[in-house]
Amino acid sequence: MNKIKQELIELGLINESSIKEFFSRVRDRDDVKVLIDPQSGIIFLSDTSQVEKNYYTEMPGTTYWSSINRIEGLKITVEDDLRRYKQFEELARGKSFLDVGCGLGGSLELFKQTASSVHGVELQNEIRKTIIEAGFTAYDSVFSIPEHQKFDVITLFHVFEHVVEPLETLKKLHRHLSPGGKLIIEVPHAGDALIKTYNLESFKAFTFWSEHLILHTRKSLETFLRAAGFNRVRIEGFQRYPLANHLYWLKEGKPGGQEILKQFRNEELEKAYAENLNKVDQTDTIIAIASKV
């Protein structure tokens, strides 16, 4: 039994007898199936062994997003980095800040403008070296953070779905959060409209892959956080990709519509579409903000 499935069962989030196959493979492995518990809507993988092996031994040194250097890599993530900074800069103002799964450090570069200190966690060795060379403190795991170290704000931006021991990781982060501190988690949503309503086979073949171990619902994300000791948990829907992206998926079965169908990039229209997706709980992303009292 993989660790994700085991924790989901132990937390009462899924029922072994109701689990069904949802998709026959992931995009990078033919031997891994995508499973769903229809009652909860939680989506997870049948096999996490390869990811667990890398997680417990050594993550390979790779270039980030196939970029040739840090500067080029940061250009790829800049839109999301800036958006997250605008969303959460006030929470981090004058506070100690830790970004778990910091990649090339786009968030660290931005939050250092207002936070009292910034730190990162990055498992990939070569990438972590570039972070350290850029002048940041970067740990190779949350379990490598010294026990005495405390942070006021901890973020995991599209990282938690990769973690093979989610509950233990959250418990460890809870110990490192200062009283009154905030933990912010942003993850892909199992209720994404492209999956739940449009039911696009092309999107499933694209979005399901071996390192996305679980797609959370609002309930599953909150349950993990409360089980780890967090309280005052707030879950919000957020739509990262605009209407044009969805239109292109429906038309061509491919990503990138936000760049290709620019005639549909209208701020008012996009806002209305995102608000409606949030209303029916079918945004592509959910964000949790949890406190430690």
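Strand 7 (residues 151-157) and strand 8 (residues 177-188) pair in the parallel sense over six bridges. Pairing here requires at least two DSSP bridges between two strands. Helices (H or I, at least four residues) and strands (E, at least two) are DSSP runs, numbered from the N terminus.

The model is predicted: local features need pLDDT of at least 70, side-chain atom pairs count only at pLDDT 80 or more, and totals for chains, interfaces and linings use all residues. Residues are numbered from 1 along each chain as its sequence is written, and side-chain values use heavy atoms, with hydrogens and water left out.

Contact means heavy atoms within 4.5 Å.

Next comes strand 11. Strand 8 and strand 11 run antiparallel and are joined by seven bridges. Ile184 stands opposite Ile289 of strand 11. Strand 11 also pairs with strand 10, in the antiparallel sense, over six bridges. There, Phe238 has Thr285 in strand 11 as its bridge partner.

How many residues of strand 11 (residues 285-291) are buried? Seven of the seven are, so strand 11 is largely enclosed by the rest of the structure. Buried means under 20% relative accessible area, exposed over 50%, and partly exposed in between (1.4 Å probe, protein chains only). In a regular strand the side chains alternate between the two faces of the sheet. In strand 11, Thr285, Ile287, Ile289 and Ser291 point one way. Ile286, Ala288 and Ala290 point the other way, and all of these residues are buried.

Helix 10 (residues 243-252) has its own buried set: Leu243, Ala244, Asn245, His246, Tyr248 and Trp249. These residues pack against helix 7 (193-196), helix 8 (201-207), helix 11 (257-260) and helix 12 (267-279). Gly253 follows helix 10, with a positive phi near 70 degrees.

A second open sheet has four strands, in the order 1-2-3-9, with antiparallel pairing. Strand 1 (20-23) and strand 9 stand at its edges with a single partner strand each, so one side of each is left without a neighbour in the sheet. Strand 1 pairs with strand 2 (residues 34-36) over three bridges, in the antiparallel sense. Glu21 has Leu35 in strand 2 as its bridge partner.

Past strand 3 lies the loop to helix 2 (49-56), where Asp47 is found. Thr48 is in the loop between strand 3 and helix 2 as well. Are these two residues buried or exposed? Asp47 counts as partly exposed because its relative accessibility is 23%. Thr48 has a relative accessible area of 1%, so it is buried. Leaving out residues up to four places away in sequence, Asp47 touches Asn2, Arg29 and Val32. With that exclusion, Thr48 touches Asn2, Lys3, Ile4 and Leu213. Asp47 and Lys5 are 42 residues apart in sequence and 9.3 Å apart in space, C-alpha to C-alpha.

Now the voids. On a 1 Å grid over the protein atoms alone, a cavity is a set of points where a 1.4 Å probe fits but cannot get out. A pocket is an open set with protein on both sides within 12 Å along at least five of seven lines, and lining residues have an atom within 4 Å of a point. Grid points are joined across faces, edges and corners, and a volume is the space filled by probe spheres set on the points.

There is one cavity of 30 Å³ or more. The largest cavity holds about 40 Å³. Its lining includes Phe208, Trp209 and His212. Strand 3 (43-45) and strand 9 (214-215) each supply at least two lining residues. Strand 3 gives the largest share, three residues.

The second largest pocket has a volume of about 200 Å³. Among its lining residues are Phe22, Ile43, His189, Lys196 and Asp281.
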